[in-house]
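This briefing goes through selected side chains, ion pairs and a helix packing arrangement. Please read it alongside the sequence and the model.

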Amino acid sequence: MYKLGEQFQVDYESAKSNEKSIIQGKKFRITILTERLIRFEYNEDGIFEDRPTKLVWNRNFEVPEFQMKDDEKYLELSTKYFKLFYIKERKFYGGRLNPTSNLKVELLNSDRYWYYGHPEVRNFGAPKNRLINKRGKYDFERGLYSVEGFASIDDSDTKIISENGVMTDKTTKSIDIYLFMYLNDYQLCLQDYFKLTGFPALLPRYALGNWWSRNKDYDDYKLKNLVDEFSNKDIPISIILLNEEWHLNNYEKEKDLKTGFTFNKEKFKEPYGMISYLHSKGIRVGLNVNPTQGLYPYEEYFLNAKKYLEVNDKGIIPFNALDPKFIDVYLKMMIHPLDALEVDFYWLDTNPNINRLNTFILNHYHFYDMKRNYKRRPMILSNNAGVAAHRYPVLYSGKTLVDWKTLKQTPFFNSSASNIGVSWWSHDIGGYYKGIEDNELYIRFVQLGVFSPILKFGSDKGKYYKREPWRWSIKTYAIVKDYLKLRHRLIPYLYSEAYKYHKEGIPLIEPIYYRYKEMYDDVLYRNQYYFGNGFFISPIITKKNYIMNRVIHNFYIPDGVWYDFVTGKKFPGGRSYVSFFRDQDYPVFVKAGSIIPLSNDDNLFDTTPPTNLEIQVFPGRSNLYQLYEDDGMSDLYNKGFYIKTNIDYNYLPNNYTVIVRALEGKSGIIPKYRNYKIVFRNTKQADEVITYVNDQEIKNKHYTSGPDFIVEVNNVSTIAQLTVNCKGKDIEIDAVRLINDDIEGIISDLTIETEMKEKIDAVIFSDLPMKKKRIAVRRLRNKGLKPKFIRLFLKLLEYIEQV
C-alpha cells in the first residue's frame, strides 16, 4: 500500500473500544460508549470494524455506568438516558408493520423511542453546502439537534483510513450506526460527538480579523495600493485572499483555467517579496487553488510530476483524488513550493457539485499536510464535505446574490450550523454578484459580519462592485470603518471563545431555540443567537423606514438583565421589545456581570496578543472570565506554550473588585507588561479606588466617561495579580431603556418645522387615552403636517401601545 507522510497517520489504538463496553454476539456488536452514545453493528459473517473511518477516529472512551440483563435470546441495556431492548442475532430492522420488534431504544423521562430506520423528522438539520440553493431555499441535511432528544449517524458506507493515512474501502458490507440519546443535554451530545470524531481545530488568531477577497486581477502594484489604502485610512485587515487571477491559467486554446499553482510573474515579479511585505504589515496570505481540472504543463514543477504520474492524450495529468500517489505528488510538487514562499493557507475552490468524497479527501489531506511545519497552524477555506466538517475550518457558503434575501438567510444558516457542531462558516460580506449595490445593505452586512464567526469580504469581477469602505458615502464609510475596527478589537474575546470551542466543544454560536424551543418557528425571533459567552445578537435583516430613517425592529431579550453593548441601556429579560435603529446602531446585548476583553492597541493590523488591554465589565452580578492567549500562529500551544488569565469580577452594589491574574501556562507568550483599562459600564464615579499589583499598592488613573467609570493602570506584569477595588454609594446607574427616548430621537431627526415637532411631542407624550391621541395626530393635518408623517406617527402609537 502507498505510504503517505507521518502527518496523515491516525492512532489505531484510539479507534478500538474498551472491551468492557462491548456486548457481542455472532452477528451483532453493541458498544455503550457513553451514557448517551451507543454503537450498533450488524454483520452476517460476524466481522466488525475497529479501524478509524473518515468520520470516526476515537472509540476508546472510558467505560460508562450501565446495567445489563440478558439471556440466550434477549438483551436489555440501560443508563440514566436510555433503555435498550434487542432480540439477539436478529436484524435490527423489524419490518414496516412493527419496526421496533427486534430493536428498540427508549429515551427515558420521555415518551419517545428510536428504532433502526427511524425517520427522525423532528431533526432540525444543519447546512449542507450553499447558503441558498437554486430554489432560493436553505439546503440542510441531518444534524444532531432534534426536539425528539435523539439523533443517529450512519457510518456503514464509509472509507477506512489505513495506518499509512490512505483512504481504503471496507472489505465487508455491514451496518454501523451511532445513536445519540441525550434528551435535553445537547451540549453533552456534542462533547460525545467531538470525542468520537475529533475536537474542532483551533483557528489561527489572524483568522478572526477582517478578510479581503475580491475576484480581481491584482498585481504587485495594485496589491500594494490596496494595502496602503487600508493602512492610511486606519481600517484593519488580517487576511488577503488572492482569487483566481494570481497564477498561470492559459494552455493552448484553453483560457482562464481555474487550475494553477505557479505565480504569474508578469503580475507578481517576486512572489516571496510580495508575501513578505504583506506579513510585515500584519497581513496573512491565502491562495485560491483548484486541482480538479488536473495539472497542466505550464506549472513550474510539471516535468517532475510527470515522472510519477501519467498524462492524458492532451498532455495533462488528470485529477484523481482516490489515488494516493496523485495526492502525494500534488502536495509535494504543487503545494509545497508555495509553502516555501510562506503562503499561509489555501482556498480549495472546487465546484460544490463534485463528488463530496473528493471534496473530503482534498480537505483532509490539505489540512493535515500543513501539520508538517509546527510553526504554521493549519487552516483551509473550502466547501463542506459533510463529514466531520469541524475538523477542517473554514467552510465557504458559495457565491451569493447581492440582495436583502441573502442577508436575511445568513443568521439562521450560521446558527443552524451548531446543530452538527460547526462554527466556522464564512460568507461574502455584501453578497458576491448581481443585485444592486446599496449603502444600507452594505452596512447591515458588515455589522452582521462583525458578530459572526468569520468576516470575509468578497465579490465578483467588475469595477462597480463596491467592497472597499471608502468607495461609499461619507456616512457609510464612517460607520463601516468603526465596525471593522471593533472586529479587530474583539479578537481577544473571540480567540478565547474559539479556544473553548476547540477544547470543550462549545460552539461560538448558540441559536436562541436551544433555550427557547418555541422560537424555532417564530420568524420574528429565530434569527437571534448567543455569540460566545458574553453576547446576544438580534440581527437586523430588513430595510429601514425612510421617513423616520430607522429600522423598526422586533426582538426578544432572554431571561435575566441585559445591557445594550454600545449605549449601556438596561433591558429586563424574558420579554419582547420593539425598538428603532439608525444605520450606525445594531442590537447587540450583554448579560449583567459580563466581562468583555478588547484590544486597545493603536495598530489593529497586528492581531497578536495586545499590549494595551481594555476590559469592559457590566454590573449586576459577580462573574469569572478566562482569557486564553498563545502565539496565535503555531501548534506550540499543544506543548504548553500558552497562558490563561482569569478575570474575576466580585460585585456588590457599593463595593466591587476586579482581579486579573495569570492562572496557567508559560511566560513569554504574551507581552511582558500590559496597560489595563478597566471600564465599569453604567457606573458612577467611585468614592475610593485602590489598585494593587500582587501585595503592593500602586497608582491609578480613574475618571468617568458618559455613563461609565474607568480605571487605568499601566505597566503591569502579565504574570502578576492586578486587583482593582472600587467603593461608593449607589454607584450603579439604572439606565433602563425607555421607548420615549427613541420616539424623541425620531421626532428630532425628522425634516419638520420645529414648532410642529413641539405639537407632535405634546400629543404623543400626553396623558390622553390612545384613541384620543390618534384623533389628535390626524387633526395635525389641518395645521400643515403632511400625510406621510401622520401615517408614521399613527404607526408609532401602535408600537407604544404594544410596549
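Predicted model: local features only at pLDDT ≥ 70, side-chain atom pairs only at ≥ 80, totals over all residues.

Asp 192 is buried, because its relative accessibility of 5% is under the 20% limit.

- Asp 192 belongs to helix 1, which spans residues 186–197, and apart from residues up to four places away in sequence, Asp 192 touches Thr 34, Arg 36, Leu 37, Phe 61 and Phe 180.

**Salt bridges**

- Side chains of opposite charge can pair when their charged atoms come close.
- The count for this model comes to 46 salt bridges, and the pairs described here are a selection from them.
- Glu 35 and Arg 36 form a salt bridge through their side chains, with an N to O distance of 3.9 Å; Glu 35 is partly exposed at 22% relative accessibility, whereas Arg 36 is buried at 11%.
- A salt bridge also joins the side chains of Arg 214 and Glu 468, at 3.3 Å from N to O. Arg 214 lies in strand 15 (residues 210–214) and Glu 468 in the loop between strand 23 (455–459) and helix 9 (474–489), so this pair ties together parts that are 254 residues apart in sequence. Both Arg 214 and Glu 468 are buried.
- Arg 372 and Asp 339 are likewise paired in a salt bridge, with their closest N and O atoms 3.3 Å apart. This pair links distant parts of the chain, 33 residues apart, with Arg 372 in the loop between helix 6 (356–369) and strand 19 (380–382) and Asp 339 in helix 5 (residues 324–340). Arg 372 is partly exposed at 37% relative accessibility, while Asp 339 is buried with a relative accessible area of 12%.

**Helix 11 and what it packs against**

- The buried residues in helix 11 (residues 739–749) include Ile 739, Asp 742, Ile 743, Ile 746 and Ile 747. These residues lie on the same side of helix 11, because they cover an arc of only 135° around the axis.
- Strand 30 (575–581), helix 12 (754–764) and helix 14 (787–802) are the elements against which the buried residues of helix 11 pack.
- The axes of helix 11 and helix 12 come within 10 Å and cross at roughly 160°, and therefore helix 11 is roughly antiparallel to helix 12. The contact involves Ile 743, Glu 744, Ile 747 and Ser 748 from helix 11, together with Lys 757, Ile 760, Asp 761 and Ile 764 from helix 12.
- The crossing of helix 11 past helix 12 is right-handed.

Notes
Residues numbered from 1 in each chain as written. Heavy atoms only, no water. Salt bridge = Lys/Arg side-chain N within 4 Å of Asp/Glu carboxyl O. Buried < 20%, exposed > 50% of the residue type's maximum accessible area, 1.4 Å probe, protein only. Helix = DSSP H or I, 4+ residues; strand = E, 2+ residues; numbered from the N terminus. Arc of directions from axis to C-beta. Contact = heavy atoms within 4.5 Å. Axes fitted to C-alpha atoms, helices over the stretch in contact; angles between N-to-C directions. Parallel < 35°, antiparallel > 145°, perpendicular 65-115°, else oblique. Left-handed = near helix turned anticlockwise from the far one by under 90°.
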